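Hi,

Here is the structure I said I would pass along.

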Amino acid sequence: MEYGKIVSVTGLPGLFELVSSKNDGAIVRSLEDKSTKFVSSRIHNFSHLESIEIYTVRDNVNLVDVFTAMGSHSDKLPDGKDASLVKKYFEKVFPDLDFERVYTSDMKKIVKWYSILKAADVEIKLREFEEEAEEAPTEEVAEKPAKKAKKEEVEAEEKPKTAKKKAETAEEAGEEKEEKPKKKAAPKAKKEEAEGEEKPKAAPKKKAAPAAEKGEKAEKKPKK
């Protein structure tokens, strides 16, 4: 039986093995009478023994450390009903215990739990969670430089094509620049020809005739 599967249930005495979990509770098996039953999570709370910590005068320790000290000590377990004997027992077995924050009822519970675990032949040991190291695939690492080299080759091939396109674009732009002045010059010449044709029409010879007629009329008036 694994220590990591042992739980305590609020409102129920003793310890239980967690058989299976459900959304609304769990199926547990008693370590004392081996009876199996369903316990609702709406009514009871579950606590894994391996997750319980105990107050000390220094840093908190896991409950396993206290159980280990109890197993290695030569003194017998005290009577759980006698509070003074229980306290004296832990003062010898685990003197670093913070007796101001760890109550006598807690110490009695620890003694009872240890007795149940030993009777059920449970190995008091925390589970070891080993993280599997991820090995980098050698094939993918070898392929990456090759892909990079191909990319550089493609870029090298594209550079001459790009330069060629730029040269062709520059030549086309030069041809367009040379053609544009010729197109502009033609309308200018036509405009000058049109102006040259219009200038003779604007000569003031026709206006001189009325002036001469006026002069003749002016000369005729004195004769009267």
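Keep in mind that this is a predicted model. I started with the sheet: five strands form an open, antiparallel arrangement in the order β4-β3-β2-β1-β5. The edge positions go to β4 (36-40) and β5 (46-48), and each has a single partner strand, so one side of each lacks a neighbour in the sheet. On average, neighbouring strands here are turned by 45° against each other, direction ignored.

Zooming in a bit, β2 pairs with β3 (residues 25-30) in the antiparallel sense, over six bridges. Across that pairing, Ser 21 sits opposite Ala 26 in β3.

Also in β2 (residues 16-22) is Glu 17. Is Glu 17 buried or exposed? Its relative accessibility is 15%, and since the cut-off for buried is under 20%, Glu 17 counts as buried. Leaving out residues up to four places away in sequence, Glu 17 touches Met 1, Lys 5, Ile 6, Ile 27, Val 28, Arg 29 and Leu 31.

Now the packing. The largest nonpolar core has 31 residues, and those with the most contacts inside it are Leu 49, Leu 63, Phe 67, Met 70, Phe 90 and Leu 117. At least two residues of this core come from each of α1 (63-72), α2 (83-93) and α3 (104-119), with α3 giving the largest share, seven residues. Leu 49 has contacts, again beyond four places in sequence, that include Tyr 3, Leu 15, Phe 67, Trp 113 and Leu 117. There is also a second, separate core of seven residues, among them Val 7, Val 9, Leu 18 and Val 39.

Cheers

Key: Residues numbered from 1 in each chain as written. Predicted model: local features only at pLDDT ≥ 70, side-chain atom pairs only at ≥ 80, totals over all residues. Heavy atoms only, no water. Core = buried A, V, L, I, M, F, W, Y, C linked by side-chain atoms within 4.5 Å. Buried < 20%, exposed > 50% of the residue type's maximum accessible area, 1.4 Å probe, protein only. Helix = DSSP H or I, 4+ residues; strand = E, 2+ residues; numbered from the N terminus. Contact = heavy atoms within 4.5 Å. Pairing = 2+ DSSP bridges. Axes fitted to C-alpha atoms, helices over the stretch in contact; angles between N-to-C directions.
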